[in-house]
Amino acid sequence: MEKTIHLRIKRQDGPASSPYWEEFKLPYAPQHNVISALLYLREHPINLRGERVAPVVWESNCMEEVCGACTMIVNGTPRQACAALVDDLAQPIVLEPLVKFPIVRDLHVDRQKMFDALKKVKAWVPLDGSQDIHQHAPRIAPADQALRYAFSRCMTCGCCMEVCPQYHDASAFIGPAPLGQTALHNSHPTGGFFKEERLHALMEKGGLADCGNAQNCVKVCPKDIPLTQAIGELGRQATIQWLRDIFVK
Amino acid sequence: MAKQRVVVIGGGLGGLWAALRLVEAGYPVDLFSLFPVKRSHSCCAQGGLNAVLDIKGQRDSIQQHIIDTIKGGDYLGDQPPIKTMCEDAPGLIRTYDRMGVTFSRTPEGIMDQRLFGGVKNRRTCFAGATTGAQLLYSIDEQIRAKEDQAGVTKYEYWEFLSLVLDDAGVCRGITALNLKTMQVQAFRADAVILATGGAGLIWGRSTMSSSCTGAATARAYQQGAKFGNAEFSQFHPTAMKGHDKLRLMSEACRGEGGRIWVPRKAGDQRAAKSVPEDERFYFLEEWYPTYGNTVPRDVASRAIVRATRHMGLGVRGQEVVYLDLTHKPRAFLEARLGGILEMYETFAGQDPYVNPMEIFPAMHYTMGGLWVGYEKDAQTGGIVRAHPKNHATTIPGLYACGECDFAYHGANRLGANSLLSASYSGRVAGDATAAYLKSLKSSSDKLPQSAYDAEKKRQEEINQALLTRTGGENASTLHHKLGEVMSEHVFVERENKGLDNALAEIGTLKERARKIALDDKSGWTNQTLPWARQLQDMLVMAEVVTKCARLRDECRGSHYKAEFELKQPEGKFAGDPEYEAYKATWKTNNEKWLKHSIATHTSDGPKVEYWPVEVSVMAPETPRDYR
């Protein structure tokens, strides 16, 4: 029998529709990844029953695991579909949308709340305008820059949020990704000037105290961001801030 | 007069910089993007961005950056904007540093610099091997701060469809498609900035993201914006092969000491590691001893094609050569190239620290783009900053910046100049648009609603026609075919017969594209509808590229036709009679061809004319020479 790639996909026509499973087979070729297989289906959207159906809807852009768009659950694990090589996966390859975010259609979900969380923690370095001020930022030790670089690789893909037991509809927890970004900006020589505002946002309900220390986040992060280290460091900073709030008024 | 507003289309470095400058100048911005802006293609840029900081004791100078950029582009770039870009680069870098970009550091904690192609000095600032992502994130954060202060309104998951022009041909807004509800909506604007990137998908597979179809620029072109230097596309010498994408291996690999080679014996089946040193052909080092592996990209790509297709020396007889970093210490590579070597390992299943990578040239960057102007400063020879002519297209009120414009890079872009030009041109376009708005006598709210309604209706009818057609062509099938045609005939080496074939084939594909029928008829997040429309616009742009390539009978930068090559006499240099004779022929050729090709849309296809290049900073006296 001809070798094939067998996909089993959880589909949903719209936010209010019911989900259903649909299966597809395409001819095998080496070096396929999940996105290149889905691209094949866009041209040949024929399911296992031989019916021509609407092509599967999904998000992708860079196809090299840097833009974060194509995150979905591949054989039970949230990851970037472009970097999920067919040759490494058990078949049928089961594709599901992330469950912690509202469904748009099929494998396409809406991760806007992750971007909104970045606003809440003010994940930026405040500038007095983008004009040249004829000065660099203060010097940064290579070791500090190495840690900042590790945090700065976050592509807001949602894997860490997906596996966090504390992050769900019924909880206010902000989730691991924005905490990593808070640590990043607090560690910048001038970004740190605004540490207090960021920490206060995290000392409210849904902040640091809601982390259950399950440590799932670091295990799935495709960029190996030391998220638990960020959370530990922020906890230390928040304690100092709490004492400061009491005694230095 | 009501509050003026600006529409910015595209959320990569160019669009975000333009938006930031406009908001800082007090103008509200409506920012349109196909997806959350943080996912834009700028994040794929790896190696770094150029700015003269001269921190390595090499006496690097801004003048040298200007010369390298002009010569790297084979003199085809207008020089005043190049001059000011290089002068402003260090200030731009300082701003990025203040935004918190995680630039790699020297032991003293200042920004480090590395070597890139076409350059002799270490001039490239970098953040590991994910510089583009780091820059994009930092400006994305600045925009998010402005969004918080209600200066920027984001329209993510919206696709630009067309411009709304008034009776005088002035741009007064756009129509866009909501990619979730599939509804078309018209938006008023007093100026529009296109920052929609390159058009790699015309070649089927390229190093570009799947959003880089060039459809947005093609739409502006079809509404009258002139397109410049379309035939100039950069084929990056070092990319991995793949079904869906040709993944870039940064030029930084060569800058950090990577060596390109093939076994000397054709069809050698041995593993790379078992080929002894004296049986390896380091062809770039042999052919170009001065620059070696860091020759510019066009030169390297042609050399790889020469070694494989013409000399038959590709690895295992295939169209592949080695990019070898295995002689460098692991810790050094991890710190400076870790991000991309990780990517190579993921997608190739081979460890690049142990085995040489296997690479081949791939479509990478469009130097050509929408024609944009500038105001020259007679005193400095650069441009007048914050002048409304800068980055203005030929449609009044429409600006373009980033890869979708044709400025700065001429016939070939130097590595690490694209993150610079994307950021810098966005900043200039933002400032120019603010100056334009100040000069306007009326605002877009004076234009009757009927103009917007009519354009919206026109777009809805196009969508409706696509949604109701049955039993026809598939857009993806046509896209594959287009990719084959372009990759065969409009690649590193071109010839007129092949280009004629390509034009005929594109014509056939345009006919077939009129019969596209969609597999999805739904009115919710229907991805087949925008894809079908993009494909039709890609065909228009492919025709412009191919026609301009057909007409240019010379070799310049990335555009190469063997038939018209002026061969540099081997072993001869300035002063030798053979070299002087070659130089004289080169100068005569420049009189005819040192011109921008300018394409205008007509119902019979592109009409091409030639406009002069401004060479007032550095006259074209000596040919490029990287030997």
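Visitor: Hi! How many aromatic pairs does a search of the whole structure find over all chains?
Guide: There are 24 of them, counting Phe, Tyr and Trp rings (six-membered ring for Trp) with centres within 6.5 Å; planes under 30 degrees apart are stacked, over 60 edge-to-face, the rest tilted. This is a predicted model, where local features need pLDDT of at least 70 and side-chain atom pairs pLDDT 80 or more, while totals for chains, interfaces and linings use all residues. Residues are numbered from 1 along each chain as written, chains are lettered from A and ligands numbered from 1 in written order, and side-chain values use heavy atoms, without hydrogens and water.

Visitor: Nice. Why is the pair of Trp261(B) and Tyr322(B) tilted?
Guide: Their planes stand at 45°, with the centres 4.6 Å apart, so the pair counts as tilted.

Visitor: Are those two buried or exposed?
Guide: Both Trp261(B) and Tyr322(B) are buried (under 20% relative accessible area; exposed is over 50%, partly exposed in between, with a 1.4 Å probe and protein chains only).

Visitor: Switching topic: how many residues does each chain bring to the contact?
Guide: Chain A and chain B bring 74 residues each, with contact meaning heavy atoms within 4.5 Å.

Visitor: And how many salt bridges cross the interface of chain A and chain B?
Guide: The rule finds seven, each a Lys or Arg side-chain nitrogen within 4 Å of an Asp or Glu carboxyl oxygen. Lys119(A) and Glu147(B) form a salt bridge, at 3.5 Å from N to O.

Visitor: Back to rings: which residues form a cluster through ring pairs?
Guide: Phe32(B), Tyr155(B), Trp158(B) and Phe187(B) are linked that way.
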